[in-house]
Amino acid sequence: MDFEFTQDQLSLREAVARWVGKAHGFDRRHGLAKAGGAAREVYGELAELGLTALAVPEAQGGMGFGPVEAMVVMEELGRGLVSAPFAAGALVAPALLAQGETSVGQTWLPRIADGSALVVLAHQERAARYELSRCAAEAVADGQGWQISGHKSVVPAGDEADAFIVPAVLDGSIALFMAARDAKGLQVQAYPTQDGAQAAELRFEKAPAALITREGLKSLEWAQDIAIAALAAEAVGVMDRLVATTIDYLNTRKQFGVALSTFQALRHRVADVKMQLELGRSMSYYATLKLSEPTAQRRRALSQAKIQINQSARFVGQQCVQLHGGIGVTDEYSASHDFKRLTMIEMAWGDTPHHLGQVSQRMQDSAGVFA
Amino acid sequence: MDLNFTAEELAFRAEIRSWVAQNLPQDISHKVHNALRLSRDDHQRWAQILGAKGWLGWNWPKAFGGPGWNAVERHLFEEELALAGAPRVIPFGPVMVAPVIMAFGSPEQQQRFLPGIASGQVWWSQGYSEPGSGSDLASLKTRAESVGDHYIVTGQKTWTTLAQHGDWIFCLVRTSNEGKPQTGISFLLIDMKSPGVTVRPIVLLDGEAEVNEVWFDGVKVPAENLVGEENKGWTYAKYLLAHERTNIADVNRAKRELERLKRIAKAEGVYEDQRFRDQIAQLEVDIVALEMMVLRVLSAEKSGKQSLDVAGLLKIRGSEIQQRYSELMMQAAGPYATPFVSDAMEAGWQGDHIGAAHCAPLASTYFNMRKTTIYGGSNEVQRNIVAQTVLG
């Protein structure tokens, strides 16, 4: 039982924070968002820092670090409100490729590690909502390879990814395939997202693809849990930052001749915000530390964590905007951007009703909580 | 970072578990698991079993005869007791006044009072709140006048938990009206058998006399019963509060009660009702999050580094969760929560239960739990404290 970070983890945190301080102020974030949410520029800088190698196994040119290091980096990226598809490109994709049964991973992992390739999972479908087992896209054998057809939605990084990991039904069950961005039969329609990034609709029409694994559903569940842990840590960073901004504001802004922080109605709101922030941080730790558990325990724990993160993110986001008053709802001020990012985190990889359903389904007669 | 307990910690837990299994009387754990009424004798019997083992002062350092456990070991001990259905140790002696006597009492006071606390022979009460001094405790008026080698204490305390059983009471009393209200308060130990002490039970909304009014009418208290220095009592009281620490979240009990909620929900046919089930799921999440917050505090404490600024949140969240599970249990019983048959909350009652035996105490417990967000510094006062640490 130990929640202390090692010296190496603290150094990693510091390195990311230093880069954020130097290179990624709010003005840059604001500018990138206004320009349409280009993904590669900042992602490339994270690669230069070596961060894209973090989760790639050493054998494929990576550092082979674990979930705690990923959490530390995600927290700091959140604290800097960094606009880059880091979780998708540098955490989820390598986790999927490292587990694959074919040699696709061998080809792509070194390029992910050095940042020359951005690979993202394209799993969302219109009729699936948050159910990973619902997949309409299909794959058929085509000589030595496969062809996939189907429509994937809200894929991170827009049209800037080099390749996509695509779930498609093969012989009655979900398998994962790798399709290059420039594959014949793939149409990409990019658009901005609410939080100043980009996403895309992908339409596959008999597009050539390479098989990664036939254990598609299991892999997707693993991807979801990695993503939840990463988003939880990012949310903690964003909340930390938003709460700090809010406290500064309350201590500075005067009305009725006194600082806003003197009003008890606002002070109690701040206490409630602090509560949700710390519950969220606690469950972010839980999410990360539970990733190594056996599947059933892991999945239940990650659903529990996502529920808390969703609730914390919404409460902290809404209340910090409210505590700011008018300035909180402007585009020029950072609080609204923090709020929007927190909201997008809530909508990603399962909202609260979805994960409550998961926890309900997996409920045990015992207390069923951590012990 | 590691969520797992070490091999030593697991061995420690196993040792506690097996001892509790052998030593906790089943008639007592039966009452706790079913929220039936506990008598003074139940509390005393269990306290003395713990005392004989040297574990009633489980948070005491070795120098005073305690086991000298670290924060994680104390937590594991508390958890094993709670899950096994042990009654909550009445905290006023071993958890509250003892650490104050250790830190600020004279060697004579330590020799005189600590053995009775450690063995569970002496029942202590806490004399803090007064009719005019609730959240604003420092405004207290109970007066202790120094007369030669003793004090004359006059005034009234209230909300004194289980003082009807009390042998001794530690009180905050006013010894000076000079300066700030906090600086005129002293910490006094009073024998409740002294002439002039009157205890009157207050019946609460659940029909139980859990708290009392305690009157002091010219009670003569030897000067040697003053702890530390005169007019420094507020400092000692704050030290005491800091000593209550994490167990104030009562997350271990919440885990036990979550199991009970599931049993009741099953028996009442709402466990498979998705709308009810989702509420249990949410409570599960809330309890896990609280437990993680508690463990973070313990880990920081064990490592000896600066304590986390989340400790103030534990009381707020822990009390909300206590209220929530009692609310859900009552809801599970639905119409069968409405009968109020006081005898049905007595173990071994032979009458006809309305609905089922487990329904009888549910509404009473729900009503009783409203106290948790009020006592020990109301949750609104706690929010003030949290806001102070966050905002300055």
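**Exercise 1. Locate Arg129(A) and decide whether Arg129(A) is buried or exposed.**

Step 1. Arg129(A) sits in the loop between β1 (119-121) and β2 (138-142) of chain A. Helices (H or I, at least four residues) and strands (E, at least two) are DSSP runs, numbered from the N terminus. Residues are numbered from 1 along each chain as its sequence is written, while chains are lettered from A and ligands numbered from 1 in the order in which they are written. This is a predicted model: local features need pLDDT of at least 70, side-chain atom pairs count only at pLDDT 80 or more, and totals for chains, interfaces and linings use all residues.

Step 2. Apply the cut-offs. A residue is buried if 20 or more other C-beta atoms lie within 10 Å of its own, exposed if 12 or fewer, and partly exposed in between; C-beta atoms are placed from the backbone.

Step 3. Arg129(A) counts as exposed because it has 11 C-beta neighbours inside 10 Å.

Step 4. Check the backbone. Arg129(A) is not a glycine, yet has a positive phi of about 45°. Most residues other than glycine have a negative phi.

**Exercise 2. Describe helix α5 of chain A, and find where its kink lies.**

Step 1. Take the length. α5(A) covers residues 86-99, which is 14 residues. From first C-alpha to last, α5(A) reaches 19 Å, close to the 20 Å expected at 1.5 Å a residue. The expected span is 1.5 Å times one less than the number of residues.

Step 2. Find the kink. A kink of about 30° lies at Ala93(A), shortly before the proline Pro94(A). The bend at a residue is the angle between axes fitted to the seven residues ending there and the seven starting there.

Step 3. Judge the cover. α5(A) is mostly covered, with 12 of its 14 residues buried. Among them are Phe86(A), Gly89(A), Ala93(A) and Pro94(A).

Step 4. Ala93(A) counts as buried because it has 31 C-beta neighbours inside 10 Å. Leave aside its neighbours within four places in sequence. Ala93(A) is then in contact (C-beta atoms, placed from the backbone, within 7 Å) with Ala88(A), Ile112(A), Val119(A), Val120(A), Leu121(A) and Ile165(A).

**Exercise 3. Which helix gives the most to the side of domain 1 of chain A that touches domain 3 of chain A?**

Step 1. Chain A has domain 1 (7-113), domain 2 (119-214) and domain 3 (218-361). Such bounds come from an automatic or database domain assignment.

Step 2. Take the distance. The centres of domain 1 and domain 3 of chain A, taken over C-alpha atoms, are 21 Å apart.

Step 3. Count the contact. 19 residues come from domain 1 of chain A and 23 residues from domain 3 of chain A.

Step 4. Sort by element. On the domain 1 side, α2 (26-34), α4 (67-79) and α5 of chain A each supply at least two residues. α4(A) gives the most, with 10 residues.

Step 5. Sort by class. This side holds 13 nonpolar, 2 polar and 4 charged residues. Ala, Val, Leu, Ile, Met, Phe, Trp, Tyr, Cys and Pro count as nonpolar, Asp, Glu, Lys and Arg as charged, and the others, Gly among them, as polar.

**Exercise 4. Follow the strand pairing around β3(B).**

Step 1. β2 (residues 143-147) and β3 (residues 150-157) of chain B run antiparallel, joined by 5 bridges. Strands pair if DSSP finds at least two bridges between them. Ala144(B) has Val153(B) as its bridge partner in β3(B).

Step 2. β2(B) and β3(B) form a hairpin with 2 residues between them. In the turn, Gly148(B) has a positive phi of about 60°.

Step 3. β3(B) also pairs with β7 (residues 211-222) of chain B, in the antiparallel sense, over 7 bridges. There, the bridge partner of Val153(B) is Val219(B).

Terms used: Two residues are in contact if their C-beta atoms, placed from the backbone, lie within 7 Å.
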